[in-house]
Amino acid sequence: MYVRNCWYVAGWDRDFPAGVPTPVTLLDEPLVFYRQSDGTITALEDRCCHRLAPLSHGQIEGNDLRCMYHGLRFAPSGTCNEIPGHTAIPKAMKVRSYPVVERYSVIWIWMGDAAKVEESLIPDFVGVDDPRWHMLPGRMDYEVNYELIQDNLLDLSHIAYVHRNSFGGGRADTNKAWAEAQLCITPLERGVRVERWMKNAPTPPHQVALAGPVCDVLTSFDYLVPGIFLLTSANYLPGAAERSGAERPTETPVFSSFTAQAVTPLTRRSTCYFFCFGPSARTPGAADLKQAFLELGERVFNEDRRMLQAQQRIIDADPSRRMVLFDVDKAPMLYRRLVERLLKEEAAGAAAA
Ligand code: FES
Ligand SMILES: [Fe+2]
């Protein structure tokens, strides 16, 4: 049920401080992260091979992690390099080690076959260290299967309803623009792109000072395997959509903002949602707006969480009930088909090995 030969976001870099083993469950697997003496991030199975005690209760020693039950010590590769009082170390004394990379202010982990690891598959994420935007890191756990968050992000028509008073600022005309915008949906090799113009859209109250009262707004997002969401929203002077025709506008937006998000399954029924959200660095006073954008994001994503957790409870009460879909579901369905294809390819690869 999970695509494994890909890079998941395990957390923001700052979630993994030096000197402390950090336990994290991802894709139903218990993991422990720790930093080697030079700061290099390492991930091991959080289960000592001896009597299955958690290594996250262990102690970091230079580049190694010692299990604090009976003292076995493990190298970053997962091999045991010390059994107190013994010189011979059985070959089976090892734990699984996972490829990890620290990039774009997040920690990426490869949950699949280590022989197939490909660093080039790390998505072009935009983290809180990107100078083009002013953003702070956020995270939120949902008690839902990751697919519900994925579907929610791939169909933003819900903004008009779930976020009518937050993003929509309680304005019926702003919400109507979100609900009725025409979409341009493009399949990507490892994702789906969705673009929408909202023409002559009244600006929600919290953005009027930044963007003016009415704009043509172009929102464009990519949703990439295994759950990376990158959205730019650009407000232009009214008429920009007509002036640019079918092309991307060349004029400078009055205001633009960006959000990067990552959906990482923890277990079958819990998912971590990482996000950052903020204004363009060109916005006057952008650095001072970071906190307000983070708080708006938290408010908005809490609205999603309430809806999706309630939806999950209904689904679980009778899993036999089918959904009746319509054209707003096109992008979520395209993405689900891509995931199905990748799952089949992984299963075929594993069977052939
Ligand atoms: S359980 Fe880890 S050393 Fe015994
Ligand atoms: Fe939402």
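Analyst: One term first: helices (H or I, at least four residues) and strands (E, at least two) are DSSP runs, numbered from the N terminus. Also, keep in mind that this is a predicted model.

User: What share of the residues counts as buried?
Analyst: 37% of the 353 residues. As for contacts between residues at least 6 apart in sequence, 54% of those join residues at least 24 apart.

User: Let's switch to helix packing. At what angle do α1 and α6 pack?
Analyst: About 130°, with the axes of α1 (residues 146–154) and α6 (residues 286–317) 10 Å apart. That makes α1 oblique to α6. The crossing of α1 past α6 is right-handed.

User: Which residues make that contact?
Analyst: On α1 they are L148, I149 and N152, and on α6 they are D304, L308, Q311 and Q312. By type, the contact of α1 with α6 has 3 nonpolar, 3 polar and 1 charged.

User: How far apart are the axes of α1 and α7?
Analyst: They are 8 Å apart, and α1 packs with α7 (residues 330–352) at an angle of about 135°. That makes α1 oblique to α7. The α1 and α7 crossing is right-handed.

User: Which residues are in that one?
Analyst: α1 brings Q150, D151 and L154, while α7 brings A331, P332 and Y335. The contact of α1 with α7 divides into 4 nonpolar, 1 polar and 1 charged.

User: Changing topic: where is Y104?
Analyst: Y104 is in the loop between β10 (100–103) and β11 (106–110). Its phi is positive, about 60°, although Y104 is not a glycine.

User: Why does Y104 count as partly exposed?
Analyst: Because Y104 has 19 C-beta neighbours inside 10 Å, and a residue is buried if 20 or more other C-beta atoms lie within 10 Å of its own, exposed if 12 or fewer, and partly exposed in between.

User: What about S105, what's its phi?
Analyst: S105 has a positive phi of about 70°, and S105 is not a glycine either. S105 lies in the loop between β10 and β11. S105 is partly exposed, with 18 other C-beta atoms within 10 Å.

User: Which strand is D64 in, then?
Analyst: D64 is in strand β6 (residues 64–66).

User: Is D64 buried or exposed?
Analyst: D64 counts as buried, because there are 20 C-beta neighbours inside 10 Å. If you skip the neighbours within four places in sequence, D64 is in contact with R73, F74, A75 and N81.

User: And how far is D64 from L343?
Analyst: Their C-alpha atoms are separated by 34 Å, and D64 and L343 are 279 residues apart along the chain.

User: Last one: what is the peptide bond from V225 to P226?
Analyst: That bond is cis, with omega near 5°. P226 lies in the loop between β15 (214–224) and β16 (228–236).

Methods:
Residues are numbered from 1 along each chain as its sequence is written. Chains are lettered from A and ligands numbered from 1 in the order in which they are written. This is a predicted model: local features need pLDDT of at least 70, side-chain atom pairs count only at pLDDT 80 or more; totals for chains, interfaces and linings use all residues. Two residues are in contact if their C-beta atoms, placed from the backbone, lie within 7 Å. Axes are lines fitted to C-alpha atoms, for helices over the stretch in contact, and angles run from 0 to 180 degrees between N-to-C directions. Angles under 35 degrees count as roughly parallel, over 145 as roughly antiparallel, 65 to 115 as roughly perpendicular and the rest as oblique. A crossing is left-handed if the near helix is turned anticlockwise from the far one by less than a right angle, and right-handed if clockwise. Ala, Val, Leu, Ile, Met, Phe, Trp, Tyr, Cys and Pro count as nonpolar, Asp, Glu, Lys and Arg as charged, and the others, Gly among them, as polar.
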